[in-house]
Structure formats: structure tokens, C-alpha cells
Amino acid sequence: MTLIFSNHKFQYEIERLFRSFFPPMELKLSTDKADAQGDYCLTESAAAGNVVTLSVELSCDGKRYSMSRTVPASTPGKDQEREMSVLLYKALREYTGRELPWGILTGVRPVKVLSKLTDEQAAQSMLVSPRKLQLARKIQQVQKPLEDSIPTNSFSLYVSIPFCPTRCSYCSFVSHSVSQAAARLDEYLRRVCEEMKQLAAISRHLGLVPDTIYFGGGTPTVLSAEQLKRLFAALEYFDLSHIREFTVEAGRPDTITPEKLHAIKSAGAGRISVNPQTMNDEVLKAIGRAHDSAQTEQAFLMAREVGFDVINMDLIAGLPTDNFDSFAASLDAVCGLSPENITVHSLSLKRAAALFRENSGNIPGEAEKMIDYAHSRLAERGYVPYYLYRQKNTADNQENTGYAKPGCESLYNTYIMEELQTILAVGAGASTKLVDRRNGRIKRITNHKYPYEYLDRFNDILENKRDIFGFFV
Ligand code: SF4
């Protein structure tokens, strides 16, 4: 299939929407109308006088669909892009007989986009389904008091530990097996501590006070208890007297030990995650995990024993070899442990993942059934959805939703996802996001992605951080 962009600049959005109907399809991209041969989709903008005609022509399997719309030439580019997306959506809906639950929305933060629209606009201009709109509205409602509670001049601190024991087959994250990174791991930790020291000095100078702390991965608990302690010691560079939340994403159950949990607890963390992804041992094997569901349960109970009273558990809908009954059993098993947070992801197949190349073998519609089941089952158990984000190429075009027992919502997850608070981030691949809440201005400063780049170009990283001063003057 050839996707052609003729005379317009909406490539990114149009390609994303197109792929939402057909992940993971081989697609040839072109800007030349002469490529409109064989199976193709031609998207075109043609200006004439004071109007612009937007059109989509889809020719596939001997069938042909044509749609167009004329708008005044003064129509802003964003609105023309939306009109073009609606035409493409309708052509693909005709061809596939399918609707997408999020309509033409392709971005990471649908809740944020929808918060600026009325229900009518969401349904008519964005073609969002009533079910997803209702979910987004519920989340907005839960988030409101969390947003209102953000202290002025505060920030969240994110520390990136991009290492894992081994790589899961569906993972496209820049995570390195810890055995590969072993030679430079201590150097990495030293640099992360150094970067924390610099950020503490910058934040003090600007009068910014840390509000939440999040150690994420990868799998932070791939570090030894000693290494974790060394890392946590660097928090002393900051004024911790106003911290409202401190989370460590432990992640893989096979990395969790009582010593590490005690190190995390003694550092002051109140939240932890133990992420099973599935409680089906066969599926765990299929995704390349080296633990079983019994170890997940043990790790969870160990965390309770050490005194963590807010624990998150992640599940994924649409994993290879999984099916509805097994997913439902996993969800029920996790609910049986009664964690305060449950995050339900839909499998996202990115190009970097081994599974993308091998094709996941998913049954169409199965992931959607799983997500719907999770939503109703978790509501019955008293969990409320409180944050949501989307990724590219997800099974059945679904989303990732964080559920919490009321009062146990993660502030950090809410603030980062809705871009409500400045995040100062350290470590490889970490993205600092400066947020000016008065006018919605946002600036990102991204660290080098791979640990070796981060180490080899550490001085650049420190230098780039000086841009924080410019943003806040
Ligand atoms: S634990 Fe998470 S980050 Fe690590 S390899 Fe698996 S999916 Fe990727």
C-alpha cells in the first residue's frame, strides 16, 4: 500500500491515523501523485482562489472510495488537518467496516485534548466513541482536585534507571540488560547522582521546591540494595521537607528482595510497583519473562510486609498467546491481592520490539474485550480510572489506563500525563519538561537516550540543563 501526501504538510497526523487502522502494515510513503497506482491512498490539498479542496482517494483490493471537502483558504492549518483526518477516517471506515474507539485522535494525551472540547465537538469533530468520551470525562473529574492541589513553584523529580534483567519480547523501550551494562553501571550511578546535585542547585536558585519523586525504568530494582542506597543518598541535595509522594517502580518481581525493599522504604518511598503483566505462566514464558506468577505474589506480599501501603500492579491486554479468559483470570488474581493501583495497558507493538517483526498473532477484537472487562470489573471492585495515555500501534487501538482506590491516585502519573507540573529528570533518556502553568507554555530538554551516550557526553547534558534558567526568567 502506498500512502501519498500531495501538496500538504499533514504527513505525520495522516500517517498515524492510517496506521491506526492497519498496524503493523508495510507502508510506502510518497509525495508524488504519480505513485497513485495499485493499492494506494492519495491525500491531497488543492488551492483555487479563496478556497482549498481537501480530498482522500482510497483504492484497495479493486474497491475505490473518494471523499472531498472544500474550506475557505483562510482556515487555519490545524483545522484543515483535522478535516483531512475526518475524510481519511471515513474512507477507511467504509473500506474496513471498522470504527476506531478514539476516532481521529492519535496523540498520547486524549484526555487533555478532550478537556478543551464539548461532548458534541468530541463526537462530531473528533469522532470519539461515547464509551471513550465517558472514560475521559470521568478521569477529568478525578484529576481536578489533584490538579488543584499542586503547590506553586513546585516540581517533580524523575530518575531514570534504564536497565532490566533481560528484555521482554514486546518491549521497545531503550532498556539494556544489566549484564551488558555491568561494566559501566557504577559510573552511570555516579553520573546520575552528579546530575541530581546540579538539578538541586538549579531548583534552589529558582525557588522551585520538590513535590513528588519517581524512580522509574527499566527496572530500578535490578540494582543491588547497596547501589540503591547510594542513589537515594543523592536525594539529600534537595529540600525534601515538602515531598508529598515518593515512588519507586520496582517492576519485575524476580528483582525484588527484602533488602532492596528495606532500602527503598528507608529512603522514604511510600509507593512501589510490582508488575506482573499477566498471571498466566505460559504467557509469561511467551513474552520472555524469567519469573512465574507465584513469584509475583511473593514479591507483592514481601512489599506489604516491609510496610508499603500503596502498591501498583501493571497488566497488559493483548499479549502474545494470551486470550480473554486468561486475561480475565489474571485481572481477578491481581484484584484478589487488592493493590491500591492497577494499571491496565494495551499491548503496543513498536518497530524496535522483536514481536513487531514476528507479528504478535493477536486475535482482532480480543484486546478490546479485555480492556472493557477490566473497566467494568475494576469499577465493581471500587477502583476509579484516574490517568490515561495512548501509544502507537496498540492492540485494537486501545489505551493504557491507571486505576486507583479512591485517595490512592498517583500524583506523579497525573502530573506528567496531563503536563500539569514541571518535571526535572535525570539519567539516560530522561526528559525534563518545564511547564508554565500561567500560560500553558512547555519546553522539553531531553537527555541522550542510551546509557553509553549519556556517559560519554555527560558534559553536554549538564550544559543543556542550563536552559532551565532561561525558561523561568
Ligand atoms: S521490564 Fe519493562 S522496560 Fe524492562 S524489558 Fe520488560 S517491558 Fe521493557
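In which handedness of crossing, left-handed or right-handed, does H8 pass H10? Please also say which residues make the contact of H8 with H10.

Analyst: The model is predicted. In it, H8 passes H10 in a right-handed crossing. Helix H8 covers residues 258-266 and helix H10 covers residues 293-306. Their axes come within 10 Å and cross at roughly 40°. Angles under 35 degrees count as roughly parallel and those from 65 to 115 as roughly perpendicular, so H8 and H10 are classed as oblique to each other.

The H8 side of the contact is made by Pro258, Leu261, His262 and Lys265, and these meet Met302, Ala303 and Val306 in H10. By residue class, the contact of H8 with H10 divides into five nonpolar, one polar and one charged.

Helix H11 (residues 324-337) and helix H13 (residues 366-380) have axes that come within 10 Å and cross at roughly 25°. That angle is under 35 degrees, and H11 and H13 are therefore roughly parallel to each other. The crossing in which H11 passes H13 is right-handed. From H11, the residues in contact are Phe324, Phe327, Ala328, Leu331, Asp332 and Cys335. They meet Glu366, Lys369, Met370, Tyr373, Ala374, Arg377 and Leu378 in H13. The contact of H11 with H13 divides into nine nonpolar residues, no polar ones and four charged ones.

Two points of backbone geometry complete the picture. The peptide bond from Gly217 to Gly218 is cis, with omega near 10°. Gly218 is placed in the loop between strand S9 (209-217) and helix H7 (225-233). Leu127 is not a glycine, yet it has a positive phi of about 60°. The place of Leu127 is in the loop between helix H4 (119-125) and helix H5 (130-148).

Notes
Residues are numbered from 1 along each chain as its sequence is written. This is a predicted model: local features need pLDDT of at least 70, side-chain atom pairs count only at pLDDT 80 or more; totals for chains, interfaces and linings use all residues. Side-chain values use heavy atoms; hydrogens and water are left out. Axes are lines fitted to C-alpha atoms, for helices over the stretch in contact, and angles run from 0 to 180 degrees between N-to-C directions. Helices (H or I, at least four residues) and strands (E, at least two) are DSSP runs, numbered from the N terminus. Angles under 35 degrees count as roughly parallel, over 145 as roughly antiparallel, 65 to 115 as roughly perpendicular and the rest as oblique. A crossing is left-handed if the near helix is turned anticlockwise from the far one by less than a right angle, and right-handed if clockwise. Contact means heavy atoms within 4.5 Å. Ala, Val, Leu, Ile, Met, Phe, Trp, Tyr, Cys and Pro count as nonpolar, Asp, Glu, Lys and Arg as charged, and the others, Gly among them, as polar.
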